[in-house]
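Q: I would like a close look at a single part of this chain, and then a walk from there to some other parts. Please keep the wording plain.

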Amino acid sequence: MERDDALRALKKVATFLWMAGIAWLVLATINAQVARASGFPEVGAGTLLIHSAAGFDPAAPLSTDVRISVAGIVARVAVTQRFRNPGATPIEAVYAFPLPDDAAVDRLSMLIGERVIEGEIREREQAERIYAQARDAGQRASIVTQTTPNLFTTAVANIGPGEIVEITIEYLDTARYDNGEFSLRFPMTLTPRYGEGDAPEQKGASVPAIVGLGRFPATAALDEVEPIAGLHEAALRVVLAPGLPLAELGSLSHETYTVRDGGRYVLETLAPRVPMDRDFIVTWRPDVGSTPAVAALTETRGDTTYALVMIVPPVETYVRRALPRELIYVIDTSGSMAGQSITQAKAALRDALGRLTSADRFNVIEFNSTTSSLYGAPMPLTAATYAEALDYVDALEADGGTEMEPAIEMALGQPATSGYLRHVIFLTDAGVANETALFTAIEQRLGTARLYTVGIGAAPNSYFMRKAAEFGRGTYTHIGDVTAVASTMDALFAKLEHVALTDVFVDWPDAAELYPPRSPDLYIGEPIVMAASFPAQGERPLAIRAIGRAAGATWSQTVTADASTLPGIAALWARRKIEHAIDSRVVGVGEAVIRKVVIDTALEHGLVSPYTSLVAVDKTPALTAAALERRTVANMAPAGAEWSGFPRTATAAPLLRVLGLLLASLGATALVLRAQQRRLEQ
C-alpha cells in the first residue's frame, strides 16, 4: 500500500514537472515574440549579429586602425578594418559599427593584396543589388549602409580561406567648441537600442538591415550568444593642426601622449591598441586670450561656394537670468543603465539637487518600463523636500525597458507655475530606437520650457541627445565618468543661470542656402556654427557679420574668410542639408519630398545616407559562386555595463527556455522511470 502511494506520488510529481516545463517553454516563446515585436535583441548588449548556416559566430577576427586629421575645426577620419577568413570555405563578413551622428561618410576603398577598389555612391536599392550580384558571382565586394544616423553596416563578400580583405571608410566631421575647449568624439561601441526604429527607412527592418543580404531577424536564437568581452581593439592616432597655440591637448577617455611637430600636434594612446568598449574623445584648449584662428572656412566647386562658419560671442555679453527657475529632473532607470551608468546618473542628480536655492521649485521623474514622479507637480525647495528627494534618488535601481515618451510627456505636461522659467534636465544613455516619435513629442509639448540632455555612460546615443536638446532649445552635455560629475554639472548650471544670446541673425551673401536655416539661441561659451552655399564670389574675401541681442543690448561680430579652398566643406554642408530634410518629418513634411531631397543631395556630394550607399566590387571573379558561410563581427559592450546573459531592457526568454527544457526533461525522465517500473511489476 505504501509503495502504491509512493508510486502515485511520483507519477504526480513527474506529470507536474513535465507540464511545468511545457508551460515555461510556452511562456518563453511568448516572451521571445514580444521581444521580436519590440525589435530589441534578447541577448548581446552592444552586439549586432547576423544569422549564418552554422549558427552564430561572434568571434570573427577583426582589427581596426583609426587615423584622425584635424585642420582648424574640420576633421577627416579614416577607419580601416581588416577581415580575415580563418576557415576552409569562403565567407561573408558583416559588421555594424557606430559613427558620429553628423558625420559625412564619403569614401570606401577595398584592398585585396595589392589591388585597391574604390567605392561608388548609388541609391541604396541599386547598391544592394550590385553587391548581391557580385557576391553571388563569386566576386569580392563591399557595401556601407546607414542603418540609423549614427549606426552603419559594412558587409564584405567572398573572403577566401586564409585571405585578408582590408576595408577603409572615411568621413568628415567638425569639432565641438564649448567653454573655451574643442572636442572631437570617435564612437567605438554603442548602447543597445530599446524598441523598434520608427523612421520610414527603418520600419520592418532589424539591425543590421541590408536588403541585398536579406532582412535578418534581430532575435533569432540570440540566446545562444553571450555579450562579447575583451574582443576588439583599435589603434588610434590624431594629427592636429589647430591654427593657433594650445594650452592643453589630451583625451577625456584614454591615456595618451603628444608629440609636437612645428604647428602640428600628434596624439596617440599610451597602449598601442585599446579595447573598443568606450568612445574615444580628444580635447584641446587654446592659450588664454586666443580666439579660434579658423572662424570661416570655404570650398568652391564650379560656380558655388560652400562655407562653414563658427563665431564665438564673448562671455561678457551674458548676464544672470532674472526669472526664478522651475527644474524638473528626469532620470533613466532602464536596464541598459545598470552598472556604472546608473551610478553616474544618481551622482549627477544628487549634485544637481544640491545646487537648488530657496527661490527654486523642482521635481524628480524616473522611468523604465513605467514612469513615476516624486511629486505630482514641482514643489518649493525646503529642508523636507530636499531630504525626500535624496531618499528617492538613493532608492533608484536600473531595470526594465526604456519607455521614454511617457516621461517626456509627464515632464513637459506637469502644471507650470506662473512667473517661473521651466528647465527639464534629462539624464539618460538614450538607448532608444523610436527617436522620431520622441522628437515630435518634444516639439509639440515644449512650450516656453527648455530641455537639456545629459549623456550618461561610456557610449550614449549621441544622436538622440544632440537632437533632443536641439528640438528642446537647450544643450547637450556628456558625463564620461563619476569623477567628472561635479565639473560637468558646473558647466551645465552656468548655462542655465545665464541669459542666452537671442535674435541671432547672420548676414550672408544673397541667395544663400543655410543649415540650420535659423540660428538657435546661444548659451554661455557656445558658438554659432552654420553652413551655407551661395554663388561663387570670385577672388574677393568673404565677410560674414553676425548680430544678436544680449542683456537688452545689440551685439555683433564680423569674420572673414579668404578665397582658399578646404576640401570637405561642401560635403559638410550637404550633410547638414540632409539632416534638416530628415528633421522636417517632425513638422509633417511628406516622405516623398524628404526622400527626393536626401537622394539628390547625397548623390551630388557622394554621401552615405538613409537612401544611398557606397559599394565597391572587384571586377575579377575570385571564387566559384557558391553558398557563402556568413560570419558576424560583434561590437563590445560599453565599459561599465552590467548585463548578464541578456540585457535588462530585453526579455528573459533565453532563461525561460532553459528552465522550461530542464523541467520538461526532468518530468519526462520521471515518467519514463515510472513506466519502466510498472513493466517490471507486471
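In which loop is arginine 473 found?

A: The model is predicted. Arginine 473 is found in the loop between α7, which covers residues 462-471, and β26, which covers residues 476-479. The backbone at arginine 473 has a positive phi of about 55°, although this residue is not a glycine. Most residues other than glycine have a negative phi.

Aromatic rings come next. Phe439, Tyr463, Phe464 and Phe471 are linked by ring pairs into a cluster. In the whole structure, a search finds twelve aromatic pairs. Phenylalanine 182 and tryptophan 284 are a stacked pair, because their ring planes meet at 10° and their centres are 5.6 Å apart. Phenylalanine 182 is buried, with a relative accessible area of 2%. Tryptophan 284 also counts as buried, at 2% relative accessibility.

Another aromatic pair, phenylalanine 362 with tyrosine 375, is edge-to-face, with 85° between the planes and 6.1 Å from centre to centre. Here phenylalanine 362 belongs to strand β21 (residues 361-367), while tyrosine 375 sits in the loop between β22 (371-373) and β23 (379-380), and the two are 13 residues apart. Both phenylalanine 362 and tyrosine 375 are buried.

The strands β11 and β17 also belong to a sheet. This open sheet has four strands in the order β10-β11-β17-β13, and the pairing is antiparallel. At its edges stand β10 (176-178) and β13 (246-251); each has a single partner strand, so one side of each is left without a neighbour in the sheet. From one strand to the next, the twist averages 20°. β10 and β11 run antiparallel and are joined by three bridges. Aspartate 178 has glutamate 181, in β11, as its bridge partner.

A second open sheet has three strands, in the order β27-β30-β31, again with antiparallel pairing. Its edges are β27 (502-507) and β31 (553-561), each with a single partner strand, so one side of each is left without a neighbour in the sheet. The twist here averages 15° from one strand to the next. Strand β30 (residues 542-550) and β31 run antiparallel and are joined by nine bridges. Arginine 545 stands opposite threonine 558, which is in β31.

A hairpin gives another case of antiparallel pairing. Strands β14 (residues 256-261) and β15 (residues 264-269) pair in this sense over six bridges. Aspartate 261 has arginine 264, in β15, as its bridge partner. Two residues lie between the strands of this hairpin, and glycine 262 takes a positive phi near 65° there. The C-alpha atom of valine 266 is separated by 9.4 Å from that of serine 69, although the two residues are 197 residues apart along the chain. Serine 69 lies in strand β1 (residues 62-71), and at 41% relative accessibility serine 69 counts as partly exposed.

Like arginine 473, asparagine 158 is not a glycine, and asparagine 158 has a positive phi of about 65°. Asparagine 158 lies in strand β8 (residues 151-159). Tyrosine 515 and proline 516 are joined by a cis peptide bond, with omega about 0°. Proline 516 is found in the loop between β28 (513-515) and β29 (528-535).

The structure holds nine cavities of 30 Å³ or more. The second largest cavity has a volume of about 100 Å³. It is lined by 15 residues, and the closest to its centre are Pro98, Asn150, Pro187, Thr189 and Pro460. By type, the lining of the second largest cavity divides into seven nonpolar, five polar and three charged residues.

Definitions and conventions: Residues numbered from 1 in each chain as written. Predicted model: local features only at pLDDT ≥ 70, side-chain atom pairs only at ≥ 80, totals over all residues. Heavy atoms only, no water. 1 Å grid on protein atoms, 1.4 Å probe; cavity = no way out; pocket = protein on both sides within 12 Å on 5 of 7 lines; lining within 4 Å. Points joined across faces, edges and corners; volume = space filled by probe spheres on them. Nonpolar A, V, L, I, M, F, W, Y, C, P; charged D, E, K, R; others polar. Phe/Tyr/Trp six-rings, centres within 6.5 Å; stacked < 30°, edge-to-face > 60°. Buried < 20%, exposed > 50% of the residue type's maximum accessible area, 1.4 Å probe, protein only. Pairing = 2+ DSSP bridges. Axes fitted to C-alpha atoms, helices over the stretch in contact; angles between N-to-C directions.
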